[in-house]
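Look at the sequence and the structure first.

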Amino acid sequence: MPIQNFTPAWMTEDHRMLYDSALRFFKEQWVPKDDKWREQGSVDRETWLEAGANGFLCASMPEEYGGAGGDFGHEAAIMFAQCEAGISSFGGFLHSGIVAPYILHYGTEEQKRRWLPKLATGELVGAIAMTEPGTGSDLQGVRTHAIKEGDTYRLNGSKTFITNGQLANLVIVVCKTSKEQGAQGMSLLVVETDGATGFRRGRNLDKLGMEGQDTSELFFDDVLVPATNLLGGTEGQGFFQLMQELPQERLIVAICGVGSMQLAVDETLAYTKERKAFGKPVFSFQNTRFKLAECQATLMASRALVDAAMVSHLKGELGVDRAALIKYWITDNQCKVIDECLQLFGGYGYMKEYVIARLWADARVQRIYGGTNEIMKELASRFL
């Protein structure tokens, strides 16, 4: 059942109020714009300012840095609302749940005060550039490098599959500051793209799903970045910083999986009760009811798993291995449930005008980004 019909263990009254407000806003204000965003390949730039003005950005950032002063539960409330409204075009999950925490947890005081308030208002749109052509999940294999020259770094390299890539103007770049030290030579360099010479955006990539989400290639050709933009101010900390934040990133992917499953089941229940075949509602056939019962059981188990993980994460106890298994299990089941739901729509399920078709296409990447599910199982197996 959607969160609006029950209260998870992690959800406070404040979380619920934010969830209700966000769900209502997304349905009333953004759902009517989603077709346009999908057609143009990104949300409008003003959407980010609108999100900031309504308190939907950086909800977990401290008030002293321009945030709402909440916790990750506030971010999760917004994420559930966005997914249950069927909005996959807006990259706020990454902006608020991944980029901003890197700056909060590892940035210098000056960096936090310079960037976080503008991330909260939407003046800055955040992205993190990890993946490179040919590297995929192998973070230690990155070739993008930055050479220090006095008080600047000269950055060279290319990235691909970068969420928010067309609109982002604050990009955390995973790079090597020492090619000889392996993982210990990796750093996170923050590039302010406005007016940056040598920085360019490649294609807004044509994807199978998430058509309204700008996902891009980024190129850095002798980009001069102030040394003060090295995240945390110390070289060689990048791999550690990445590993510390990945459990939350993978929990975010799982949250999106549950929210999307919920919408798929809700839409399919409504459709099968209204649609008639052989003179009676499709829902009246035993196969339909059994399939939906199975989907509901999987959804309930998935939600319980994520809710338990939320409780752990809010206590600071969600481990790398558990987050990896949750990400893999939820996203595998997300694809199965949505595929079963699409089947019950018949031929209409294959039409993009129906939300179930878009949910089906959007779901497939969940098993790939944030670390492929094969990598998740490999990682978790090391803790057995």
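**Helix 4 and its two helix contacts**

In helix 4, Phe72, Gly73, Ala76, Phe80 and Glu84 meet Arg303, Val306, Met310, His313 and Leu314 of helix 8. By class, this contact of helix 4 with helix 8 has six nonpolar, two polar and two charged residues. The model is predicted. Two packed helices are described by the angle between their axes and the distance between the axes.

**Helix 4 with helix 8: geometry**

- Helix 8 covers residues 286-314, and its axis comes within 10 Å of the axis of helix 4.
- The two axes cross at roughly 155 degrees.
- Angles over 145 degrees count as roughly antiparallel, so helix 4 and helix 8 are roughly antiparallel to each other.
- Helix 4 and helix 8 cross in a right-handed sense.

**Helix 4 with helix 1: geometry**

- Helix 1 spans residues 13-30 and helix 4 spans residues 72-84.
- Their axes come within 8 Å and cross at roughly 30 degrees.
- That angle makes helix 1 roughly parallel to helix 4.
- The crossing of helix 1 with helix 4 is right-handed.

**Helix 4 with helix 1: residues**

- Helix 1 contributes Asp14, His15, Leu18, Tyr19, Ala22, Leu23, Phe26 and Lys27 to the contact.
- Helix 4 contributes Gly73, His74, Ala77, Ile78, Phe80, Ala81, Gln82 and Glu84.
- The contact of helix 1 with helix 4 divides into nine nonpolar, four polar and three charged residues.

Key. Residues numbered from 1 in each chain as written. Predicted model: local features only at pLDDT ≥ 70, side-chain atom pairs only at ≥ 80, totals over all residues. Heavy atoms only, no water. Axes fitted to C-alpha atoms, helices over the stretch in contact; angles between N-to-C directions. Helix = DSSP H or I, 4+ residues; strand = E, 2+ residues; numbered from the N terminus. Parallel < 35°, antiparallel > 145°, perpendicular 65-115°, else oblique. Left-handed = near helix turned anticlockwise from the far one by under 90°. Contact = heavy atoms within 4.5 Å. Nonpolar A, V, L, I, M, F, W, Y, C, P; charged D, E, K, R; others polar.
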